[in-house]
Amino acid sequence: MCPSNQYQKVYVQGAAAISAFGMDWRGLGAAITANKITLSPARQLADSHGSVFGSEVAAIPAAIDVDARACKLMSYPARLNAVALRQVLYDTGWESARDEIAFYLGVGASGGSVAELTEMLRASIVDQTFTLDRFGTAGLAACNPLFAFQLMNNFTLCHGAIVHGIGGPNSAFYSRGNGTVAALSEAMHVVASGECGRALAGGADSALHPVTWAQLCRDGYVDQGFIPGEGAGLLALSRESTHALAELSRCEFHSAITLRAGAARLLSDIFQDFKPNVDDRVLFSAWGEPSREMLLHACNESGVSTVIDIAACLGDALAAAPALAWVAALDLVVTGNASRALVLNAGIDGGLGCVVLRRVV
Amino acid sequence: MSARPVFVHGVGAVTALGLSWRESIAPLAAGASAIVPVTEFDVAHFPCTVAAPIRDFKHQGDRRIALACAASEEAWTAAAIAFDDSQQKKIGIFMGAESGRAPFATVHALTRAAGGKAAFDHAKFGKQARVLAEHCDASQTSPAAVTSLLAKRYGATGPAVTISLACSSGASAVAEAARSIRLGICDVALCGGVGADVDPLMLAGFGRIGALSGRGISCPFDARRDGFVVGEGAAMIVLSADRGTAVVELAGEGRSLDAYNLTAPDPDGDGATRAMRAALVAAKIDAVDYVQAHGTSTPLNDAVEAMALRRVFGTHLYKSHVSSVKGALGHWIAGAGALGLLCAHEALMTGTLFPTANLTNPDRDCDLPHVLGGAIKKTVNTALVNAFAFGGANCSLVLRRCA
């Protein structure tokens, strides 16, 4: 999908991953490969859903967290993104002219704080009855004045941009997987074409929100092996090869309709194009058994015997899932554990994403 | 690379002034306003008690989907693009849609699920939420549901992208569609935006931050303006790489982030300026004949946008005309930028420049060449559309009459 022959190459200059592994991206790929990240009972679902095993981000250290005021105003995914943004800017050393940096993010709908909702609703109830009249007065007064912004998907992107001064071309792609790949694709295009010198792309989300979890249960994903995860992952892109960590050589996304029309052929084409060697690694982030089986089958058909299953360790972090997989792949490339890494993602939106990172020669 | 041009082949809309774009044009040109007291639910103590609801629109299921489908049908029919099988593979769908919020009915049900008494019972909430979810299909309420349904309906096997960028969602979706056509990722794109936010939660949420008009009037750039009024509707556009019979070209797109504040625009208008300049540079022009402004009727936004327009165009601005459709139809949030594009398209097609409804006393801080009262007629060869979102995400689009 990228007319790469007419573009300049795009390189990864830095990364960030906020995940159950921790606040650093380096070592993520190795930890996943070694199966060192384990699932645990999710604190965020404990009150409402009891013991649900998932992949949950630990407490964010104050040194890298947003300030208390921003923390109160932000949705949790926005906070994860803001922390990831801080980390990737530190990683790249991109201190100057941040208003020129492009920013494309896959975002989800898991924003609103249940605590805020609790306060708003509690104040709206009189004599055991909820009333709109009361909601319009005491209910509104009880909640965070910017509660509406916690619910709007774009604030996952915008809030971080405000905190860190990112001001270039941008978009927030609603994502349950594929939208995040669309975000990376857009970032790749603006950099490759020279429209922007630098771009950030990734995703931030949480599947550990009580309402999101209820919906995932309802839609049957949990029964089919969906493991909830959360986090934020970002790649920093530019055309500069100096000090580059890897080359982003391919990024494409295919809609659910395309996939339904011929997943086997599409995956076959991807593997034929990729031509995996012994030094290459294939990683995939698939939401549950059906998509995992589809990708495993394609790998087997292509002679790839070893695959790294990101979701088995990090769960499915919805809009963040592909981005965390890219960063894990980057870690493998940077540490010499892979010459190239093919990352396939199959989120619950039914689409397919394909990203290739390769060692800079 | 030599990017392909992008042409506008058809537009469609459902608005509070007409159930099609064709029906909406005459009242918009006459300066009508669809803003009325909200009677759909009790707003007695809400900060704002008016909106621009679409009352004659009959539908089943999710309102956004129904609105978007109706607008798409009009746009697609107007475009009259013929396809063979091979071309069908290259249709893309690009939709600006916000959500993340539960519809009010869901929230109401959740309160009952959580006990409905003085205490909020989390355990009961969790247990009942699953039961509630049985009746609340996430695949229908998700922002992506609109995109998915349109992709299926139009056999689109190209990109199916949902942009959730608040008030610039629709314009950004158009920008993404144009980029995909320029790059050859798709040949035809159905794009636009939809907003259906005449809902207690949204009126409450926007009211809580003081963004809505307490006076109950949407009067962009007027000295009386005190906030925006929520509207609803869908505006859709069919873009193509082939010129065919198209009269209008989408010539440039520009985007930026204010990186300034959650609720207020950058007082220097820097982000807005950068978005407009980027769009003009992409279109290789430095002046336009008409601007369909974001013009929300909020005190800060309108003044900052006016300042940014003066900075971008200098004295050339006063050879053009500026208006905002939000006086007539309120603020569609995710659909706003796409609606703005339709207004600019009408200006290019027929030379009809819609007035800013309710603008009778222009604010001195909003010194612009306004269109007051009724529509004016003039030849328009170039137009700019602005969409600036809460959170500071800006998108500008440039339209040009084909040579």
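**Close-up views of a predicted two-chain model**

**View 1. B:Ala259 in a loop of chain B.** B:Ala259 is found in the loop that runs between E8 and helix H10 (270-283) of chain B. The model shown here and in the other views is predicted. Phi of B:Ala259 is near 50°, which is a positive value in a residue other than glycine. Is B:Ala259 buried or exposed? A residue needs 20 or more other C-beta atoms within 10 Å to be called buried. B:Ala259 has 26 other C-beta atoms within 10 Å, so B:Ala259 is buried.

**View 2. A:Ala97 in a loop of chain A.** The loop between helix H4 (76-92) and strand E4 (102-107) of chain A holds A:Ala97. A:Ala97 is not a glycine, and its phi is positive, near 45°. A:Ala97 counts as exposed because it has 12 C-beta neighbours inside 10 Å.

**View 3. Chain B as a whole.** Chain B contains 13 helices and 14 strands. Of the 403 residues in chain B, 66% are buried. Among contacts in chain B with a separation of 6 or more, 80% join residues 24 or more positions apart.

**View 4. Helix H1 of chain B and its buried face.** Helix H1 of chain B spans residues 21-29, and its residues B:Trp21, B:Ser24, B:Ile25 and B:Leu28 are buried. Looking down the axis of H1(B), the buried residues fall within an arc of 115°, so they line one face of the helix. In an α-helix there are 3.6 residues a turn, so residues three or four places apart point the same way. What do the buried residues of H1(B) pack against? Their partners in chain B are strand E1 (7-14), helix H2 (63-79), helix H12 (326-329) and helix H13 (336-350). After H1(B) comes B:Gly31, with a positive phi near 85°.

**View 5. Helices H2 and H7 of chain B.** H2(B), one of the elements that the buried residues of H1(B) pack against, also packs with helix H7 (residues 143-153) of chain B. The axes of H2(B) and H7(B) are 9 Å apart, and the packing angle is about 40°. H2(B) and H7(B) are therefore oblique to each other. The crossing in which H2(B) passes H7(B) is right-handed. On the side of H2(B), the contact is made by B:Arg64, B:Ile65, B:Ala68 and B:Ser72. H7(B) contributes B:Ala145, B:Val146, B:Leu149 and B:Leu150. By class, the contact of H2(B) with H7(B) has six nonpolar residues, one polar and one charged.

**View 6. The side of chain B that touches chain A.** Between the two chains, 71 residues of chain B are in contact with 67 residues of chain A. Which elements of chain B each supply at least two residues of this side? They are helix H4 (104-113), helix H5 (122-133), helix H6 (138-141), H7, strand E5 (160-163), helix H8 (169-182), helix H9 (200-208) and strand E8 (248-257). H5(B) gives the most, with seven residues. By class, the residues on this side of chain B are 36 nonpolar, 23 polar and 12 charged.

**View 7. A helix of chain A against a helix of chain B.** Helix H6 (residues 132-142) of chain A and H9(B) have axes that come within 10 Å and cross at roughly 30°. That angle makes H6(A) roughly parallel to H9(B). H6(A) passes H9(B) in a crossing that is right-handed. A:Leu132, A:Phe135, A:Gly136 and A:Leu140 of H6(A) make the contact with B:Pro200, B:Ala204, B:Gly207 and B:Arg208 of H9(B). The contact of H6(A) with H9(B) has five nonpolar, two polar and one charged residues.

**View 8. Helices H11 and H12 of chain A.** Helix H11 covers residues 256-274 of chain A and helix H12 residues 289-301; their axes come within 10 Å and cross at roughly 50°. H11(A) and H12(A) are therefore oblique to each other. The crossing of H11(A) past H12(A) is right-handed. H11(A) makes the contact through A:Ala263, A:Leu267, A:Ser268 and A:Phe271, and H12(A) through A:Met294, A:Ala298 and A:Glu301. Sorted by class, the contact of H11(A) with H12(A) has five nonpolar residues, one polar and one charged.

How values were computed: Residues numbered from 1 in each chain as written. Chains lettered and ligands numbered in written order. Predicted model: local features only at pLDDT ≥ 70, side-chain atom pairs only at ≥ 80, totals over all residues. Helix = DSSP H or I, 4+ residues; strand = E, 2+ residues; numbered from the N terminus. Arc of directions from axis to C-beta. Contact = placed C-beta atoms within 7 Å. Axes fitted to C-alpha atoms, helices over the stretch in contact; angles between N-to-C directions. Parallel < 35°, antiparallel > 145°, perpendicular 65-115°, else oblique. Left-handed = near helix turned anticlockwise from the far one by under 90°. Nonpolar A, V, L, I, M, F, W, Y, C, P; charged D, E, K, R; others polar.
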